[in-house]
Amino acid sequence: MTETGCDYDVLVIGGGPAGATMSTFLADRGRGVAVIEKDVHPRFHIGESLLPLSMPVFERLGVVDKVADIGMIKYGAEFVSPWHRKTQTYYFGGALDKAYPYAYQVKREDLDRILIDNAADKGVAVSQGSRVVDAHRHGGRWDVAVEDRDGGRRSLTARYLVDASGRDTFMGKKLGIKQRNPNHNSAAIFSHFENAERLGGIDEGNISVFWFDHGWFWFIPFRDGSVSVGAVCWPDYLKTRNTDVDSFLLETIQKCPPLAERLRDARMTMPARATGNFSYQADRIFGDGYMLLGDAYAFVDPVFSSGVHIALNSATHATEVVEAALREDPELADIQARYEERIHQALEDFSWFIYRITQPAMRRMFLKPRNVLRVKEAILSLLAGDLFRDTPVRWRLQLFKAFYAWTYLIHLPSNIAAKRRRQRAVALAAEAG
Ligand SMILES: Cc1cc2nc3c(=O)[nH]c(=O)nc-3n(C[C@H](O)[C@H](O)[C@H](O)COP(=O)(O)OP(=O)(O)OC[C@H]3O[C@@H](n4cnc5c(N)ncnc54)[C@H](O)[C@@H]3O)c2cc1C
């Protein structure tokens with residue numbers, strides 16, 4: 001019970017990376033915090049490739065060694081194009097700031113367990129197997145209804161509510177403020193495999209991105225020798241499925257010969273899963289006594305492995321906002337506005353590239369990078385997730401955009417055809433609801 005008569009200062013819905021990180025930082029400040037998580041860790045989750053600039057967050061949380069124990073070191077990202085018969089590897093060590101040359105590939109059941117156990121160790125009251133089913137604000141506090149594993153119900157009170165419920169978007173749905181992205185509409189099918197052919201030496205842990213006619217694939221190697229493979233496709237392609245999900249994933253892999261080659265002796269180790277229409281954003285981040293964090297606020301696309309990174313960094317910066325709200329800081333509106341600007345800028349930086357990654361002009365530039373005015377280093381900084389600090393990345397990204405416009409114009413017919421293909425796919429998906 002807090003001084004104000006509430007059970008907690010802050011109640012966090014969801015114990016994924018966003019919720020576990022935020023609750024830990026608030027507990028470090030002496031706040032009474034509860035996390036309510038509907039699943040029981042360890043549990044499967046998608047989102048297995050991390051970015052180097054997440055490492056400082058792991059340092060602050062005090063979990064670097066534990067993450068290193070479960071992770072496969074990832075020094076870079078390989079892009080493979082069947083049309084150019086060429087691969088290009090970007091090494092994070094070549095970014096503008098050379099201090100963070102690697103990240104990790106992780107099984108999320110392992111990473112998320114480390115983060116939630118760390119939260120509990122730091123004094124957060126963690127309830128697993130309990131789902132938040134409703135929340136109401138009155139008299140300056142929240143009444144939160146929680147349903148436990150045994151079906152029992154209880155009510156908890158808190159001064160501030162953080163929605164970190166991921167793609168469930170608890171508050172976004174409750175308030176009707178979640179908007180699907182009309183310009184970007186893809187879906188994914190994925191599974192884990194053993195006995196795949198992996199890269200050698202320091203490249204073994206790199207993520208590989210393979211383009212193919214219907215979108216792109218990820219190939220993520222884990223520490224135990226297995227790999228995660230997923231296809232991110234336009235929804236119209238996924239609608240052609242007339243077999244079970246496992247067979248469809250295997251058939252789709254055959255449409256990308258360089259990937260099929262790496263998987264020729266591989267065996268699927270878990271049933272394939274599918275997820276659709278994953279791009280969305282809520283109309284607002286903050287309201288009276290609450291905020292939306294990580295995927296609960298927005299998600300664009302997995303192509304640059306930015307999801308967990310945005311969740312961790314949002315949580316780090318949002319701690320200041322929640323602190324300001326709890327101490328009723330007269331500057332709260334300004335603090336919120338600064339946070340909002342930072343998050344929107346990072347989402348915008350990633351989105352610009354994400355929306356164009358299947359355009360021929362972008363493929364061409366990714367496969368033949370030039371370091372004019374250190375633009376290639378800036379792209380590496382983007383790939384490393386260096387978008388939450390004041391590194392001189394942005395003006396160079398603007399320069400890259402100018403080069404992109406030029407490349408687009410030079411290869412106009414193929415770029416317009418690719419754009420039309422994407423617009424048709426999005427329109428078809430929208431028609432189908
Ligand atoms: C196909 C695909 C591939 C991806 N690949 C990558 C990748 O390679 N790298 C990367 O960084 N990101 C990737 N992502 C994104 C990544 O999965 C998310 O961005 C990341 O997990 C967000 O973290 P979070 O804490 O906000 O949400 P989550 O990790 O989803 O955590 C939310 C938690 O809230 C819990 N919850 C939900 N509702 C309730 C409730 N009512 N009560 C209690 N608990 C609740 C859930 O059980 C969950 O544990 C991918 C996403 C997709 C769709």
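Keep in mind that the model is predicted.

Let's start with the layout. The domain assignment gives two domains. Domain 1 covers 8–69, 106–179 and 281–346. Domain 2 covers 356–431. Their C-alpha centres lie 31 Å apart. Where they touch, domain 1 gives 11 residues and domain 2 gives 7 residues. On the domain 1 side, helix 9 and helix 10 are the elements that give two or more residues. What classes of residue make up that side? There are 6 nonpolar, 4 polar and 1 charged residues.

Helix 9 runs over residues 307–326. It has 20 residues, and at 1.5 Å a residue they should span 28 Å. The end C-alpha atoms are 27 Å apart, which agrees. Helix 9 does bend, though. Where is the kink centred? On Ala318, with an angle of about 35°. Is helix 9 mostly covered or mostly open? Mostly covered: 14 of its 20 residues are buried. After helix 9 comes Glu328, and its phi is positive, near 50°.

Helix 10 covers 332–356. The same check works here. Its 25 residues should span 36 Å at 1.5 Å a residue, and the end C-alpha atoms are 36 Å apart, so the two agree. Now look at the side chains along helix 10. Tyr339, Ile343, Ala346, Leu347 and Phe350 are among its buried residues. Further along, Ser351, Phe353, Ile354 and Arg356 are buried too. What do the buried residues of helix 10 pack against? Strand 21, helix 9, helix 11 (360–367) and helix 12 (375–384).

Strand 21 leads us to a sheet. This is an open sheet of 3 strands, in the order 11-18-21, with antiparallel pairing. Strand 11 (178–180) and strand 21 (298–299) are the edge strands, and each pairs on one side only. Strand 18, residues 280–282, pairs with strand 21 over 2 bridges. To find the spot, look for Gln281, which stands opposite Ala298 in strand 21.

Next, strand 15, residues 227–233. Why call it largely enclosed? Because 7 of its 7 residues are buried. A quick reminder: in a regular strand the side chains alternate between the two faces of the sheet. In strand 15, Val227, Val229, Ala231 and Cys233 point one way. Ser228, Gly230 and Val232 point the other way. Both sets are buried.

Strand 15 has partners. Strand 12, residues 187–194, pairs with strand 15 in the antiparallel sense over 7 bridges. Within that pairing, Ile189 has Ala231 as its bridge partner. Strand 14, residues 215–221, also runs antiparallel to strand 15, again with 7 bridges. Here the partner of Phe219 is Val229. Strand 14 and strand 15 form a hairpin, with 5 residues between them. In that turn, Gly225 has a positive phi of about 95°.

Last stop, Asp69. You will find Asp69 in helix 3, residues 64–70. Buried or exposed? Asp69 has 11 C-beta neighbours inside 10 Å, and the cut-off for exposed is 12 or fewer, so Asp69 counts as exposed.

Key:
Residues numbered from 1 in each chain as written. Predicted model: local features only at pLDDT ≥ 70, side-chain atom pairs only at ≥ 80, totals over all residues. Helix = DSSP H or I, 4+ residues; strand = E, 2+ residues; numbered from the N terminus. Expected span 1.5 Å × (residues − 1). Bend = angle between axes of the 7 residues up to and from the residue. Domains from an automatic or database assignment. Contact = placed C-beta atoms within 7 Å. Nonpolar A, V, L, I, M, F, W, Y, C, P; charged D, E, K, R; others polar. Pairing = 2+ DSSP bridges.
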